[in-house]
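Here is a short briefing to read alongside the structure. Please keep the sequence and the model open as you go.

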Amino acid sequence: MKHDITDPNLPQPKYEVVYPRRQKLADEKKIFEELSQLLGSENVSNREVDKIAYSRDYWLLASTWMIKGKVPALPDFIVWPENTEQISKLVKLANREKVPIIPFGEGSGVVGGAVPVKGGIIIDMKKMNRIVKIDATNLLVTVQPGINGMTFERTLNDAGFTCGHIPQSLYCSTLGGWLASRAAGQFSTKYGKIEDIVVAIEAVLPQGEIIRSKIVPRSSTGPMIEKLLLGSEGTLGVITEATLKIWPYPEKRALRSYAFDHLKPALEAIRRILAKNVYPAVVRIYDELEVERHFSEVEKAKGKCLLILLMEGAKELVELEEKISHRICLEEEGNECGEEPVQHWLKTRFDVTYSSIYLPQGFVGDTIEVAITWDKAMNLYNSIIKTMKETEGVFLASAHASHFYPQGVCFYFIFGGIPTEGVKPEEFFTAVWDNAMRTCLDAGGTISHHHGVGLVRAKWLKEELGEAYNVVKRIKKTLDPSNIMNPGKMGLEK
Amino acid sequence: MKANLDNVLKCAICPNMCRFACPVLDAEKSESTSPSGRMRIAYLMETDKLPFFREAIELMYKCAGCSACQFWCPFQFDVSDLSLGVMEDIVDKSKAPPVVVRLVKDLVKNRRLYRISPHVRGLTENSLRKADVLFFVGCVSVGQLPGVVNSTAEILKMAEVDFATISGQWCCGAPAEFFGFSEVFKQFAERYAEDFEKIGCKTVVCDCPACAYILKELYPLKGIKLGQEVLHSSQFFLRLIKEGLVKPKVPNNATYVFHDPCLLARKLKVESDPREVLTSIPGLKLREPRFTGKETWCCGNGGTVRMVSPKTARKITNRRLQELNSISNFIITACPTCEVTFKDAAAGEVEVFDVSEVLLKSLRKV
């Protein structure tokens, strides 16, 4: 393996690359020079430290490898374009040279979607991070995709608005990542998921064409081509700008929480609240085990499930939502636990210390988010909890319901354990995932609610989509005949 | 190994929850310069998976030392603290960047970073005179901002404070510590412990937040506990005002924007004192930038980034200067390094003052 360490006397790196390159680039030097000419030499790198930095995203298996001194996969180049035209030219170059290109935001994805498994050019979008326009009249913001989530939301807040898209990764993800993985935020029961929030996009397609959708409230002019890019995880193009809905910053916020003896009445309470057309911004229901882990100080919730509600918006509406929600929760025999659990959640909602604490101790775990209609929800919950425990070594299997619709719910499962002797972490990891995916499909759920497909769910996409999988493959082949856009992902190459 | 490998690893496998607050990442936009990105490289080097090579070593020094990461870190890690152990290992392997080695060698030879400016008035003559208060003059102010030294001394005199300075004062040792030369740093700390004892002072007043932080927090970590109260000058000025020993009387009707120095606001947790001093001046209007208090933004000259990447440091400076300048052409800060940095970058387009300079104007008619 060639490394770009200039001093020949230095010892060679000893780290293992999990997905080693199978094919060498035809002319690495020539491509590097062309990239430098196109983007400026300060915007192109093939340095060892950069290759390592872009070898992974926040896929937990990658962290497990990191601890053992392994890196998932090395790109050949990293580039930082500054405008859409550069990206268009870059894509044309990659097509000509048959070099993969992988769009990259801030690498917070958890399914390996940004790992350069076939090498190629990482397009880091962080230099395209400008808020182009905040339009107070039409309640729109036009923004470049490389902007950090926290920077974006705070800038809006300073101007008196919110986008309402607050994922747990807010601090460490970009708008481009949200769009590419069709993300959902914690406040999405009220504000919607990213596909509900986005109004228009500009994107570069795999052969360099630039498409822009109109900034209009709605249109009935054929298929929504631009929405193909949402959830395409970099396999169908590069999103270069987006216009999103914004809302006046909420004037009131109300916090409520209730303990329920079981998960079922808690889910029923939310189903009934949403059926009234009442949409609290945040709704979360924690099962008994998660209450023990996260809300152990809530006396009334000991051994029970806990529902937390956060309503926000215009004062009169919030008061009404609060009143209706409260009545229904009591009717479903919820026991009021006050504001404190919600305050606690607000304080700890971005806490991601678990992986840093437990992975170095040999713990292997992950989160699995799936969605299902109300009628099948309890069966899905029970079945996945049961199946996650079936893999030897698993000692943690719990869930909370994290996103809600009048039609159903998203469960966010968490598993963890220590592989038994002789079992590799990746074998353990895959065994639990396989059981969960199989069970989810059998129960009638969708295998991902908001984390996406990436590498982790790639082998399950065909069964998930049915005949539509072949349509997606045909679309991919038509738009990207050379398969340069984020190859090796989403199971589209089978 | 000096690096705390457990903590380096914790940071390395975090998804970079502090990334939006890191001025170096903001300037460079590269994952390798992100806090976690740097710690991943550090972890691979420290576990012998990567050699200590130039690019990787320089990354360890690409830190503004601003502690902005700590404010958002779920573990409350300060990546500059985590980097310190790694830098010490780099120094132990004699692999520190040449520019850093040169600076530390000069520091050891000259005992301070800059020659004393000829415009500094008579401060260094009082060799170890017994006094209640020691005015500890920072390298940057004594070398490049004589106005700060002179204003501070003048205010102390007006308040009839019994103060001394140290003849031929050394640097506090901050650069040696921040660059991983902890043994060199210890020599400076040991010397001061002796000097302070001889002077018999009860309070040490520093015009530089780095000196105050080093004396107050880092000397004790090296086992050198000073018996004195260590204050930043803005804290001491507020005390003088509250005790009625100086009274700002001369109106100043200008509008200023205040820039919090990182070490003062974050490490020493001093935010309100300089503001209280300034708002006690009749007529003075003080505006705040978006990034203020504990959320201040580095001036670009903190930590070690400037040593290995002046271009990155300049980008950081320009971003902050632009933000401040959008509020007022008159910037007040409380750190000589920030002041010099802004003055150099602004090239006369904005005026930059130390708290001491603005306070002094209100104490006497110019």
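Predicted model: local features only at pLDDT ≥ 70, side-chain atom pairs only at ≥ 80, totals over all residues.

**Domains of chain B**
- Domain 1 of chain B puts 19 residues in contact with 17 residues of domain 3 of chain B.
- On the domain 1 side, two or more residues each come from helix H2 (23-28), helix H4 (54-61), helix H5 (68-72) and helix H7 (98-110) of chain B.
- H2(B) gives the largest share of that side, with 4 residues.
- By class, the domain 1 side that touches domain 3 of chain B holds 12 nonpolar, 4 polar and 3 charged residues.

**Where chain A meets chain B**
- Between the chains, 42 residues of chain A are in contact with 32 residues of chain B.
- Four helices of chain A each supply at least two residues of the side that touches chain B: helix H2 (48-53), helix H3 (60-67), helix H5 (149-158) and helix H13 (353-358).
- H2(A) provides the largest share of this side, 5 residues.
- The chain A side that touches chain B is made up of 20 nonpolar, 11 polar and 11 charged residues.

**Confidence in chain A**
- The average pLDDT of chain A is 95, and 98% of its residues score at least 70.
- Residues 1-5 of chain A have a pLDDT below 50, and this stretch makes 10 contacts in the model beyond near neighbours in sequence.

**A closer look at A:Thr367**
- You will find A:Thr367 in strand S18 (residues 364-373) of chain A.
- Is A:Thr367 buried, exposed or partly exposed? A:Thr367 has 17 other C-beta atoms within 10 Å, so this residue is partly exposed; the buried class starts at 20 or more, and the exposed class takes 12 or fewer.
- Which residues is A:Thr367 in contact with, leaving aside neighbours within four places in sequence? They are A:Val110, A:Tyr412, A:Phe413 and A:Ile414.
- A:Leu175 lies 192 residues from A:Thr367 in sequence, and the C-alpha atoms of the two are 22 Å apart in space.

Notes: Residues numbered from 1 in each chain as written. Chains lettered and ligands numbered in written order. Contact = placed C-beta atoms within 7 Å. Nonpolar A, V, L, I, M, F, W, Y, C, P; charged D, E, K, R; others polar. pLDDT = per-residue confidence, 0-100.
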